[in-house]
Amino acid sequence: MLLFPLHLLSFPYRVIVKGRTLFYSTGIWKSKSLPIPVISVGNITVGGTGKTPLVMEIARVLKQKGIPIAILSRGYKGKKTQGILASDVNTGLGPEEFGDEPFMMAKILKEIPILVGKDRFANALMALHMLNVRGFILDDGFQHLQLRRDLDIVLVDSKIGFGDHHLLPRGILREPLTHLRRAHILLLTKVEGLEACNPIESEIRKVYPHVPIFHSHYEPLGLINPFDEWEGIEALKGKKVLVLSGIANPESFLSLVRRCQVEVVREVTFPDHHSYTIRDIDLLKSWLKGAERIVTTEKDMVKLNKWHLQELPIQALRIQIKIWEEEEFYKRVMEIF
């Protein structure tokens, strides 16, 4: 009974989503095209499926292959409505202006430009005019139908799948499952074994029988402190740690930290995209008792840095997405260039 009002609200949501998709698919509303390839990385559910690590990994690989790329991001919760963010420009601005994920990507990817703003088509045109790029990655782009894409990659969390198959706000689906048919590739994330993926792959095959399905997991790479100093992952072994995160899926991050052979003495979680305050820092200091280090995400670290963390033994865990069928995956990506 408590979910009944949400169930009712999911009906008008369904009508709006299906109507919007129909208008674009029939050409009543026109998608805008760019003269160079666009790769969309998105999902069909709310929550953290791992879009940002994949966006960064594709950008890295394409750069290694000699294809200059730019990333188009909405800049969720950022105050700046339009602009280019890279490691060498706009140095007076931070995650509050651009959003935590784009700012983190720019900090890690260095020379790869991140274009932030709601009008991603306008930002792309600006990049074509100002930068030498041969392709774009559209971050969280599956629902951004205003921009035509050449490759649609949809991520699915192998742990939670599609929830109870209800649309928002009753469930976690942003669109009906049949809309997966717009995707060119599906990538299952947080995969521990292929057999465990059989149930969710069966669900997918019912609505989209021939879609290529790939598999991936995350690996801890190392630790970054507030001064951008690197330390190997082995430095955590046996340490007592406080795990801090403000992300959509804190359980997944906690699992990654545990894989570093630590003793977790406390877990502190905040809502996704949380903006840290001085009170949060004071609380952290009080919660630190019994822990030798604080381990957080890089997304959280870029927001924590403004509070001058010299007094806290805090480090961010850098992770990387590993695609099991990497060669075939990037073969398909390269087909559009």
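Predicted model: local features only at pLDDT ≥ 70, side-chain atom pairs only at ≥ 80, totals over all residues.
**The largest pocket**

Begin by selecting Gly-48, Lys-51, Thr-52, Glu-101 and Lys-299, the residues that lie nearest the centre of the largest pocket. The pocket has a volume of about 1,100 Å³, and 43 residues line it. Next, colour α2 (51-64), α4 (100-109), α7 (250-258), α9 (298-304) and β13 (314-323), each of which supplies at least two residues of the lining. The largest share, five residues, comes from α4. Sorted by class, the lining holds 14 nonpolar, 15 polar and 14 charged residues.

**The nonpolar cores**

Now select Leu-54, Ile-58, Ile-71, Ile-153 and Phe-329. These residues have the most contacts inside the largest nonpolar core, which has 51 residues. Helix α2 provides the largest share of this core, seven residues. In soluble globular proteins, nonpolar side chains tend to be buried together.

Centre the view on Ile-71. Which residues is Ile-71 in contact with, leaving aside its neighbours within four places in sequence? Among them are Val-55, Ala-59, Met-105, Leu-109, Ile-137 and Asp-139.

For a second, separate core, select Leu-180, Val-191, Cys-197 and Ile-213, which are included in its 20 residues.

**Helix α8**

Finally, select residues 278-287, which form helix α8. Within this helix, Asp-280, Ile-281 and Leu-284 are buried. Why do these three lie on the same side of α8? They do so because they cover an arc of only 100° around the axis. To view what covers the buried residues of α8, display β10 (240-245), β12 (293-297) and α9, which are included in that covering.

Key. Residues numbered from 1 in each chain as written. Heavy atoms only, no water. 1 Å grid on protein atoms, 1.4 Å probe; cavity = no way out; pocket = protein on both sides within 12 Å on 5 of 7 lines; lining within 4 Å. Points joined across faces, edges and corners; volume = space filled by probe spheres on them. Helix = DSSP H or I, 4+ residues; strand = E, 2+ residues; numbered from the N terminus. Nonpolar A, V, L, I, M, F, W, Y, C, P; charged D, E, K, R; others polar. Core = buried A, V, L, I, M, F, W, Y, C linked by side-chain atoms within 4.5 Å. Buried < 20%, exposed > 50% of the residue type's maximum accessible area, 1.4 Å probe, protein only. Contact = heavy atoms within 4.5 Å. Arc of directions from axis to C-beta.
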